[in-house]
Amino acid sequence: MDTLLLLKAAIMGIVEGLTEFLPISSTGHLILAGSLLGFDDAKAKVFDIAIQTGAIFAVILVYWQKIRTTLVELPSSRQAQKFALNVLIGFLPAVVLGLLFGKFIKAHLFTPVVVATTFILGGFIILWAEKRQTRAVRVQAVEDMTALDALKVGLVQCLAMIPGTSRSGATIIGGMVLGLSRKAATDFSFFLAIPTLIGAGVYSLYKERHLLSMGDVPLFAVGLVFSFISAWLCVRWLLRYISSNSFVPFAWYRIAFGIIVLVTAFTGVVSWHDA
């Protein structure tokens, strides 16, 4: 395996892990990083989705006690059953809409300019949502969520099919707008990510298996490992951060980064390639 290719895989893994659970869009950053690194062919697109599994392993590790307790108590505990059902309900919209529109979106919207535009729009939405968060919070913890709350957050998650939107951003900010506390929205976003991203990774690998061979194992392994490590560090940091801080800095980051990408794209300073 080419050493340079493995280095690119490591960089992409770090980008994935650091951005997957922040409201700044991992897909958008992977598209931009892949464009700069020349790592944006058909196989690279499968790689981008597959390494999300590494980030999910980090979430499972951080939330292992909650996940283990839910699984053990599932047969007998009403609360565990309610929580598991809410995660399933929140997951289903992404499955349905992903199967219906995923191919079209990947064919027409996975470009740096689209990503930059959604970066900027998403930043302004976060600023608006943070001002709105001063209103009364209706749901303090994920255990207090109803099935309707879960469905609404699941529908909002589907907005992340548009690259640059951010899955975590859509679910966290969407949850806050719907009346969830910052902690409840963040926790549910993480739990919802487990079936969503694992499902997307498995489906992508199966669907595009003709592009892959055993020779690709080191490439994917490097991406998964670096994705896991960086995501584990990021999730632990984010859970501490949200206890006393807002998402406003991420909003300004999105806006500034989006403007830089658009300016460099249209002036030709950076040769962004369609991903």
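Among contacts in the chain between residues at least 6 apart in sequence, 84% join residues at least 24 apart, a contact being a pair of heavy atoms within 4.5 Å. The model is predicted, so local features need pLDDT of at least 70 and side-chain atom pairs count only at pLDDT 80 or more, whereas totals for chains, interfaces and linings use all residues. Residues are numbered from 1 along each chain as its sequence is written, and side-chain values use heavy atoms, with hydrogens and water left out.

**Overall architecture**

- The chain contains twelve helices and zero strands; helices (H or I, at least four residues) and strands (E, at least two) are DSSP runs, numbered from the N terminus.
- Read from the N terminus, the order of elements is α-α-α-α-α-α-α-α-α-α-α-α.
- Along the principal axes, the C-alpha atoms of the chain fill a box of roughly 50 × 40 × 35 Å.

**Burial, surface and charge**

- Of the 275 residues, 49% count as buried, where buried means under 20% relative accessible area, exposed over 50%, and partly exposed in between (1.4 Å probe, protein chains only).
- The accessible surface of the chain is about 13,100 Å², and carbon and sulfur atoms account for 71% of that area. Accessible areas come from the Shrake-Rupley method with a 1.4 Å probe; for residues, only the protein chains shown count as cover.
- There are 22 positive and 15 negative side chains, and the centres of the two sets are 7 Å apart. Lys and Arg count as positive and Asp and Glu as negative, without His or the chain ends; the place of a charge is NZ of Lys, CZ of Arg, CG of Asp or CD of Glu.

**Helix α8 and A150**

- In helix α8 (residues 147-157), the buried residues are D149, A150, V153, G154 and Q157.
- Viewed down the axis of α8, these buried residues fall within an arc of 135°, so they line one face of the helix; the arc is that of the directions from the helix axis to the C-beta atoms.
- An α-helix has 3.6 residues a turn, so residues three or four places apart point the same way.
- The buried residues of α8 pack against α6 (78-108), α9 (167-177) and α10 (182-207).
- A150, which is found in helix α8, is buried with a relative accessible area of 0%.
- Leaving aside neighbours within four places in sequence, A150 is in contact with N86, I89, G90, M145 and F188.
- The C-alpha atoms of A150 and L219, 69 residues apart along the chain, are separated by 36 Å.

- T186 lies in helix α10 and is buried, with a relative accessible area of 0%.
- Apart from neighbours within four places in sequence, T186 is in contact with I172, L239, I242 and F247.
- S189 is found in helix α10, where its relative accessible area of 1% makes S189 buried.
- With neighbours within four places in sequence left aside, the contacts of S189 are with R167, S168, T171 and I172.
- S189 and E208 are 19 residues apart along the chain, and their C-alpha atoms are separated by 27 Å.

**Helix α6: I105**

- I105 is placed in helix α6 and is buried, with a relative accessible area of 10%.
- Not counting residues up to four places away in sequence, I105 touches F110, M161 and P163.
- Between the C-alpha atoms of I105 and L4, 101 residues apart along the chain, the separation is 30 Å.

**Loop residues with positive phi**

- Most residues other than glycine have a negative phi.
- S25 has a phi near 75°, a positive value in a residue other than glycine.
- S25 is found in the loop between α1 (3-19) and α2 (26-37), and at 1% relative accessibility S25 counts as buried.
- S166 has a phi near 90°, which is also positive in a residue other than glycine.
- S166 is found in the loop between α8 and α9, and at 3% relative accessibility S166 counts as buried.
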